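Hi,

Here's the structure I promised to pass along.

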Amino acid sequence: PATTGNMGPGFDCLGMALDIWNAVEVEVGPPSFNIVGEGETTLPRQESNLVHRCFQVPFEEAGKPVPKISITCRNNIPLGRGLGSSSAAVVGGLVAGNELCGRPLSQERLLELATELEGHADNVAPALLGGCQIVVREDDRLVSVPVPLPEDLRVVLFIPDTPMPTREARQALPSDVPMKDAVYNMGRVALLVRALSIGDLTHLAIATGDRLHQPARQTIFPAMKHLIRAALGAGALGAFLSGAGSTVLALANEREMTIGYEMADAAVKLALDGTMKVSRPTNLGAHLVEDE
């Protein structure tokens with residue numbers, strides 16, 4: 001699944017899976033690589049492709065030879081838009097390789113490897129496990145635990161045509177933050193987790209506030225605050241920059257199309273081309289679908 005990281009105040013430790021999917025089809029046989037959908041004109045079609053590189057990892061871990069395979073990637077997750085396309089590629093490759101290798105790797109080991117390969121645990125954890133995940137590192141291990149989600153929660157996405165390179169967005173961040181900003185975020189991430197867990201969405205607009213990463217990224221994506229303001233003004237429960245951007249995500253349980261149209265209208269006034277999409281969280285992570 002696609003994923004949204006940070007979710008406002010949960011910088012690098014909170015993420016959620018979305019009901020937008022990539023599919024990786026793998027068949028043992030003569031080598032070939034095909035890409036359909038997002039990235040079909042830009043992604044490499046050989047062993048340097050991230051899916052193929054990650055497919056090999058379980059075999060290398062198990063000390064087994066990597067078979068010759070054909071891969072077809074059917075991609076619906078936009079690239080470079082803060083929706084976890086690289087996490088989906090890493091997790092998809094790892095899970096496919098683990099299945100064909102006889103499942104030598106545990107879910108915990110897959111999570112560790114995915115984080116090492118992709119670098120963002122708040123994206124790979126929901127991509128692998130589904131749902132909303134809190135993920136923290138304790139010494140040499142990752143701990144990921146789910147946050148229950150209200151069944152009627154929806155997400156409204158405005159996806160700009162312009163990508164936001166993750167490295168550039170990361171470099172914009174300050175190395176130090178004021179204590180008051182850290183406290184601001186700690187309170188809001190606690191409020192956000194409580195709101196989602198018990199289904200009390202009253203304070204989501206406050207709970208999705210952030211001072212750790214969005215203000216810095218505002219300098220390279222000035223449209224962000226206008227899109228968030230438009231979403232909240234149209235009735236969104238909360239809104240934030242998805243991952244490192246450039247997608248802006250609004251949470252809702254009604255008026256989803258109105259919220260999306262208002263975000264799109266704000267984008268038009270800013271001369272920002274993009275696409276509006278309504279989706280929902282999913283509790284299903286990466287999983288196997290066998291041909292009958």
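This is a predicted model: local features need pLDDT of at least 70, side-chain atom pairs count only at pLDDT 80 or more; totals for chains, interfaces and linings use all residues.

Strands E2 and E6 (residues 132-138) pair in the antiparallel sense, with three bridges between them.

The whole sheet is an open one of four strands, in the order E1-E2-E6-E7, with antiparallel pairing. E1 and strand E7 (141-147) each have a single partner strand, so they stand at the edges with one side left without a neighbour in the sheet. From one strand to the next, the twist averages 30°.

There's another open sheet, this time of three strands in the order E3-E5-E4, and its pairing is mixed. The edges here are E3 (23-28) and E4 (32-37); each has a single partner strand, so one side of each has no neighbour in the sheet. The twist in this sheet averages 10° from one strand to the next. E3 and E5 (residues 69-75) go the antiparallel way, over six bridges, and Val 26 stands opposite Ile 71 in E5. Helix H1 (residues 50-62) lies across E3, E4 and E5, running at about 130° to E5.

Now for the helix pairs. Two packed helices are described by the angle between their axes and the distance between the axes.

How do H9 and H10 pack? Helix H9 (residues 224-233) and helix H10 (residues 256-269) have axes 8 Å apart and an angle of about 150°, which means that H9 is roughly antiparallel to H10. Their crossing is right-handed. From H9, the contact uses His 226, Leu 227, Ala 230 and Ala 231, while H10 brings Ile 259, Glu 262, Met 263, Ala 266 and Ala 267. By class, that comes to seven nonpolar residues, one polar and one charged.

What about H2 and H3? The axes of helix H2 (residues 85-100) and helix H3 (residues 107-118) come within 10 Å and cross at roughly 140°, so the two are oblique to each other. H2 passes H3 in a right-handed crossing. On the H2 side you'll find Ser 86, Ser 87, Val 90, Val 91, Leu 94 and Asn 98, which meet Leu 110, Leu 113, Ala 114, Leu 117 and Glu 118 in H3. That contact has seven nonpolar, three polar and one charged residues.

Two backbone spots are worth a look. Most residues other than glycine have a negative phi, and most peptide bonds are trans. Asp 12, though not a glycine, has a positive phi of about 65°; Asp 12 sits in the loop between E1 (2-5) and E2 (14-18). The peptide bond from Gly 245 to Ser 246 is cis, with omega near 15°, and Ser 246 is in the loop between E9 (238-241) and E10 (248-252).

Finally, the overall picture. The protein chain has 10 helices and 11 strands. Its radius of gyration is 19 Å, close to the 19 Å that the globule rule gives for 292 residues, so the chain is as compact as a globular protein of that length. The C-alpha trace spans about 55 × 40 × 40 Å along its principal axes.

Cheers

Definitions and conventions: Residues are numbered from 1 along each chain as its sequence is written. Side-chain values use heavy atoms; hydrogens and water are left out. Two strands pair if DSSP finds at least two bridges between them. Axes are lines fitted to C-alpha atoms, for helices over the stretch in contact, and angles run from 0 to 180 degrees between N-to-C directions. Contact means heavy atoms within 4.5 Å. Angles under 35 degrees count as roughly parallel, over 145 as roughly antiparallel, 65 to 115 as roughly perpendicular and the rest as oblique. A crossing is left-handed if the near helix is turned anticlockwise from the far one by less than a right angle, and right-handed if clockwise. Ala, Val, Leu, Ile, Met, Phe, Trp, Tyr, Cys and Pro count as nonpolar, Asp, Glu, Lys and Arg as charged, and the others, Gly among them, as polar. The radius of gyration is taken over C-alpha atoms; the globule rule is 2.2 Å times the number of residues to the power 0.38.
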